[in-house]
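Work through the exercises below with the structure in view. Try each task before reading its solution.

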Amino acid sequence: YMAAEQAQVRPGDVVAVWGAGPVGLFAMVAARLLGAAEVIAIDRIPERLRLAREHTGAIPVHFEEEDVH
């Protein structure tokens, strides 16, 4: 939560989180709680990306298969 708060996430923001492990998932949830309109989960492990999509509604991006930029 502190990371999302320090990043000053506001309602309507688009937030990208690099890493969809436990800490990243918590950051995604915090971003949603602070009103982020979209959350993008960036990782290379399919299971983590699946969890991010299912539990936070994040858009999954596999950084070895897609251009993150």
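**Exercise 1. Strand pairing**

Task: How do strand 1 and strand 2 run, and how many bridges join them?

Solution: 
- Strand 1 and strand 2 (residues 38-43) run parallel, and five bridges join them. The model is a predicted one.
- Take Val15 as an example: its bridge partner in strand 2 is Val39.
- Now follow the chain. From strand 1 it passes through helix 2 to strand 2, a β-α-β crossover that is right-handed.

**Exercise 2. An aromatic pair**

Task: Find the aromatic pair in the structure. What is its geometry?

Solution: 
- A search of the whole structure finds one aromatic pair.
- Trp18 and Phe63 form it, with 5.2 Å centre to centre and 25 degrees between the planes.
- Planes under 30 degrees apart count as stacked, so this pair is stacked.
- The pair links distant parts of the chain: Trp18 is in strand 1, Phe63 is in the segment after strand 3 (59-62), and 45 residues separate them.
- Phe63 has 29% relative accessibility and counts as partly exposed.

**Exercise 3. Salt bridges**

Task: How many salt bridges does a search of the whole structure find? Which residues are linked in a network?

Solution: 
- The search finds three salt bridges.
- Arg48 pairs with Asp43 at 3.7 Å, N to O. Arg48 is partly exposed at 33%, whereas Asp43 is buried at 6%.
- Arg50 pairs with Glu47, their closest N and O atoms being 2.4 Å apart. Both lie in helix 3 (residues 46-56), three residues apart.
- Arg50 also pairs with Glu54, at 2.6 Å, N to O. These two are four residues apart in helix 3, so about one helical turn separates them.
- Put together, Glu47, Arg50 and Glu54 are linked in a network of salt bridges.

**Exercise 4. A positive phi**

Task: What is the phi of Gln8, and is Gln8 buried or exposed?

Solution: 
- Most residues other than glycine have a negative phi.
- Phi of Gln8 is near 55 degrees, a positive value.
- Gln8 lies in the loop between helix 1 (2-6) and strand 1.
- Its relative accessibility is 52%, so Gln8 counts as exposed.

Note on methods. Residues are numbered from 1 along each chain as its sequence is written. This is a predicted model: local features need pLDDT of at least 70, side-chain atom pairs count only at pLDDT 80 or more; totals for chains, interfaces and linings use all residues. Side-chain values use heavy atoms; hydrogens and water are left out. Rings of Phe, Tyr and Trp (its six-membered ring) pair if their centres lie within 6.5 Å; planes under 30 degrees apart count as stacked, over 60 as edge-to-face and the rest as tilted. Buried means under 20% relative accessible area, exposed over 50%, partly exposed in between (1.4 Å probe, protein chains only). Two strands pair if DSSP finds at least two bridges between them. A crossover is right-handed if, with the strands pointing away from the viewer, the path from the first strand over the helix to the second runs clockwise. A salt bridge is a side-chain nitrogen of Lys or Arg within 4 Å of a carboxyl oxygen of Asp or Glu.
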